[in-house]
Amino acid sequence: LLVSKELGKHLLEVEDLLQKQGLLEADISAQSERVQALNAAALKFSELEGYQPCDPQIICNRVHHVRTCLEELRELAARRRQELEDSRQLWAFFQEMEEAEAWIREKEQILATKTCGRDLSSVLALTKEHKNMLGELGGRRALLHHSMKKGEQILAKKSFSAAGGGGGGGGGIQEKTREVWLRWKKLEEVTGLHQQRLQEALSFFQFSAETDDLVAWLQDAYRIASSDDFGHDEHSSQALLRKHRAVVEQVEKHRGAVLALREQLALLAPEHRQGVDVQIRVVEVEQLYGEVAEVAVLRQQWLQDALAVYRMFSEVHACEVWVDEKEQWLERMVVPEELDEVEVVQHRFESLDQEMNSVMGRILDVNQVVQQLVDGGHPSSEEVRSCQDHLNSRWNRVVELVESKKRQLSSVLRIQNYLLEC
C-alpha cells in the first residue's frame, strides 16, 4: 500500500487516498506501540543469567530487524503522505484554474449580451452594474494571482513528477497558467471596452439631457420675451422692464452654454457625434437661442418705449395741470390801475417767469422724447404726437396770455409814471 504509485487523477480521488493514508498511518502507529512492547519483552530474555532458552545475540538481531522494518515502514508512510499532499496541491491548482476559467467564460457571455442603454437612466443603471462587476473582477484577480503563485511553487518543488505527471507535469502547469492568463487579459480588455462604451453612451445621453433642458429653458424664455404685455402705466411698465432685464441677463448667461454645444459635440464618440439627428438638434438650439436673444432685445426696447410713453404722459399731465392753473389765473386776472397794486402783480409775474422757464424745460424734454418715439416708429406715435401738439398748444396759449397781461401792465405803468411826472 505504501509503495503504490496511485496518486489520484482528480482532487476528489486524491482526498480519498489521503483519507486511506490516514487510516494506514493510524494502524502503523498502533502497531508501533505493540512492537515496542514485544521488543522490550524479548530483550529481557537476552539478559537472563544461567539458563538461556535462546542465544542472546539472536534475540538482539531479531529485535533490531523488527525495529528497522518499522522505521522503514514509517519512512515509506511519510514519503507516501508527502506525495499525496503534493498531488492534492497539484490537483487543487488545476481545479482553481478550471473554476477561474468557468468564471471568465460566464463574464464573457454576460458582456457579450450587454447593451449600453437607451436613455440616461438605463445607462446609469448599467454603469452601476458594471462598477459592481469591476469589484468582482478585482477580487477574482487576487484569487487568480494566488492560484498562479501556487503553480509557481509547485514548479519550484518539481512535485508534479511525484504526482505521476498530473495534468501533463510542469508543462501542463505552465500551459494551463498561460491559457487562463490569456483569457483573463482578454476579459479585462473586453471589460475595458465595455466600460468605454458605457462612458461614451453616458456622455451622449448627458449631452442630450442637457440639450433638452436648454431647449426647454429657451422655449420658456421665448414665451416670456415674446409677451405683448407692456404695462398699463408707468409703475407696471417699470416692474415689467425690471423683470425683463433679469430675463435678458439669464439669456446672456446661457450664451456660453449654447456656444459650448459644438465643443461638447466634438468630444462625443464618432458614432454619436456623426448622427444626423444630434447635429440637427444643435443647429435648432443655436437658431432658437438667436430668436430668443432677438426677441428679448426687441421686447426690452418696446418696454423702454412704453415706459417712456407713460413717463411722457405723466409729465404732460403735470405740465397741463400747471398750465390749467396758470391759464385760469391769467384769464381771471384784472390788471389794476393803482401803482402799488401794479407793482405787486409785476412781482408775481417775475415769479411766474421763473416757473415758466422750469416748465418750458420740461416741455422741451417731452418734445424730445416724442420725437425719439416717432422716429423709432413707435406704434402709439399718432397718440403721442397728438398729446404733444395739445400740450404745445396749451403752452402757447399761456405764453400769449402772459405776454398780453404783461403788455397791459406796461401800459398801466407808463400811464402811472406819466401822471406822476405831471
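Leaving aside residues up to four places away in sequence, which residues does T211 touch? Select T211 and display its surroundings: L261, R281 and V285 are the residues touched, where contact means heavy atoms within 4.5 Å.

The model is a predicted one, in which local features need pLDDT of at least 70, side-chain atom pairs count only at pLDDT 80 or more, and totals for chains, interfaces and linings use all residues. Residues are numbered from 1 along each chain as its sequence is written, and side-chain values use heavy atoms, with hydrogens and water left out.

**T211 and helix α4**

T211 lies in helix α4; helices are DSSP runs of H or I with at least four residues, numbered from the N terminus. T211 has a relative accessible area of 2% and is therefore buried. Buried means under 20% relative accessible area, exposed over 50%, and partly exposed in between, with a 1.4 Å probe and protein chains only. The side chain of T211 also reaches the backbone oxygen of F207 at 2.6 Å.

**Helix α5**

Next, select residues 234-267, which form helix α5. This helix of 34 residues reaches 50 Å from its first C-alpha to its last, close to the 50 Å expected at 1.5 Å a residue; the expected span is 1.5 Å times one less than the number of residues. At the N-terminal end, D233 caps α5, with a side-chain oxygen 3.3 Å from the backbone nitrogen of H235. Such a polar contact is a pair of N or O atoms within 3.5 Å; within protein, one must be able to donate a hydrogen and the other to accept it, and residues adjacent in sequence count only if both atoms are side-chain atoms.

Further along, α5 bends by about 35° at L261, the bend being the angle between axes fitted to the seven residues ending there and the seven starting there. L261 is one of the buried residues of α5, which also include L240, H244, V251 and L265.

**Aromatic pairs**

The structure holds seven aromatic pairs. Rings of Phe, Tyr and Trp (its six-membered ring) pair if their centres lie within 6.5 Å; planes under 30 degrees apart count as stacked, over 60 as edge-to-face and the rest as tilted. Select F204 and F205: their ring centres are 5.2 Å apart and their planes stand at 65°, so this pair is edge-to-face. Both residues are buried.

Move on to F230 and W302, whose ring centres are 6.0 Å apart with planes at 90°, so the pair is again edge-to-face. F230 lies in the loop between α4 and α5 and W302 in helix α7, so the pair ties together parts that are 72 residues apart in sequence. F230 is partly exposed, at 23% relative accessible area, and W302 is partly exposed at 42%.

**The nonpolar cores**

Now select M312, W322, L330, F349, L352 and V402, which touch the most other members of the largest nonpolar core, a set of 30 residues. A nonpolar core consists of buried Ala, Val, Leu, Ile, Met, Phe, Trp, Tyr and Cys residues joined through side-chain atoms within 4.5 Å. The elements giving two or more residues to this core are α7 (276-332), α8 (339-375) and α9 (381-421). Centre the view on F349: apart from neighbours within four places in sequence, F349 is in contact with W329, L330, M333, V402, K405, K406 and L409. A second, separate core of 25 residues includes L7, M133, L137 and L187.
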